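User: I'd like to learn how to read aromatic ring pairs in a model. Can you walk me through it?

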Amino acid sequence: MSTYLLTWNPNKWGFEEYKNYYLEYKKGRILRWSCGTTKKINIGDPVYLLKQGKGSKGIIGSGVVVTEPYKEKHYSIEGKTALYVDVKFEYLSELNHYPISREELDNRPDLFHKIWNSQGSGKTIPEHIVGPLNTLWSSRVELQEFTSPDEIEGSCLVEGAKKTIIVNAYERNPEARKKCIEKWGLNCSVCSFHFELVYGLIGKNYIHVHHLKPLAEVGKEYKVNPEEDLRPVCPNCHAMLHKEKPPLSIEELKKRLALYRK
């Protein structure tokens, strides 16, 4: 799994368009963004959005890719097409707010790289930068809770309403997720479900990761160990793990699954 850079230049796609885009993000919509010429981005790959052009610039968004690259009408050139991916943005800035400025990217040795000069989207962020970038980003912004398809009924809510699984920052962190999957693979740790084997290409690299340690037991100084503290789980099993408080252990849910499969 790689982390990719998406770019926005207001000279090519203006501020009014971005304002409307931001309003759609606030509604929880999945949104598309140009990915340059690259076709290698996979479903589940993390992305960061960098504002370029004149004036202030910096990283203004992050999210997860939910489609393979596809062609549609170009966003600014009549009669042309562009390559896009759909993104579930976990954070998107309002105009004139830059959680990580371009100056900071250039002045920090652990983040300094020529990739921030990229004029087009779809470049792979070097792996040695991804870790420090994730850590700094998580300290600067509050990511939206992951929604759809992992909704579970909320008995305390009005009829017809839904409640989302709480996916904590450790589970959303792209670097932690990557290390968890490298260790444990893409099969669900409870039911062994594998998305790509069932759904084909659309399911490639798709899986949730579950944090084994209840949040109430995590102190401020706690540092996650992705290989020991996280496990891959499918959305169904993720929902069932969180059905009880405290959450069920993976071992307990496996026992219940085995019992009712008989």
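Analyst: Let's go through the ring pairs, then the charges over rings. Keep in mind that this model is predicted.

User: What describes a pair of aromatic rings?

Analyst: Two things: the distance of the centres and the angle of the planes. Here, a search of the whole structure turns up 14 aromatic pairs. Take Trp 8 and Tyr 18, which are stacked, with 4.4 Å centre to centre and 15° between the planes. That pair links distant parts of the chain, with Trp 8 in strand E1 (residues 4-8) and Tyr 18 in helix H1 (residues 15-26), ten residues apart.

User: Is Trp 8 buried or exposed?

Analyst: Buried is under 20% relative accessible area. Trp 8 has 2%, so it counts as buried. Tyr 18 is buried too, at 1%.

User: How do Tyr 48 and Trp 137 pair, and what is the angle between the planes?

Analyst: Tyr 48 and Trp 137 are edge-to-face, at 90° between the planes and 5.7 Å centre to centre. Tyr 48 lies in strand E3 (residues 46-51) and Trp 137 in helix H3 (residues 127-140), so this pair ties together parts that are 89 residues apart in sequence. Both residues, Tyr 48 and Trp 137, are buried.

User: Which residues do ring pairs link into a cluster?

Analyst: Trp 13, Tyr 21, Trp 33 and Phe 89 are linked that way.

User: And which charged residues sit over a ring?

Analyst: Arg 32 lies over the face of Tyr 84, 3.9 Å from the ring centre. Lys 183 has its charged end over the ring of Trp 184, 5.5 Å from its centre.

Definitions and conventions:
Residues numbered from 1 in each chain as written. Predicted model: local features only at pLDDT ≥ 70, side-chain atom pairs only at ≥ 80, totals over all residues. Heavy atoms only, no water. Phe/Tyr/Trp six-rings, centres within 6.5 Å; stacked < 30°, edge-to-face > 60°. Helix = DSSP H or I, 4+ residues; strand = E, 2+ residues; numbered from the N terminus. Buried < 20%, exposed > 50% of the residue type's maximum accessible area, 1.4 Å probe, protein only. Lys NZ or Arg CZ within 6 Å of the ring centre and 35° of its normal.
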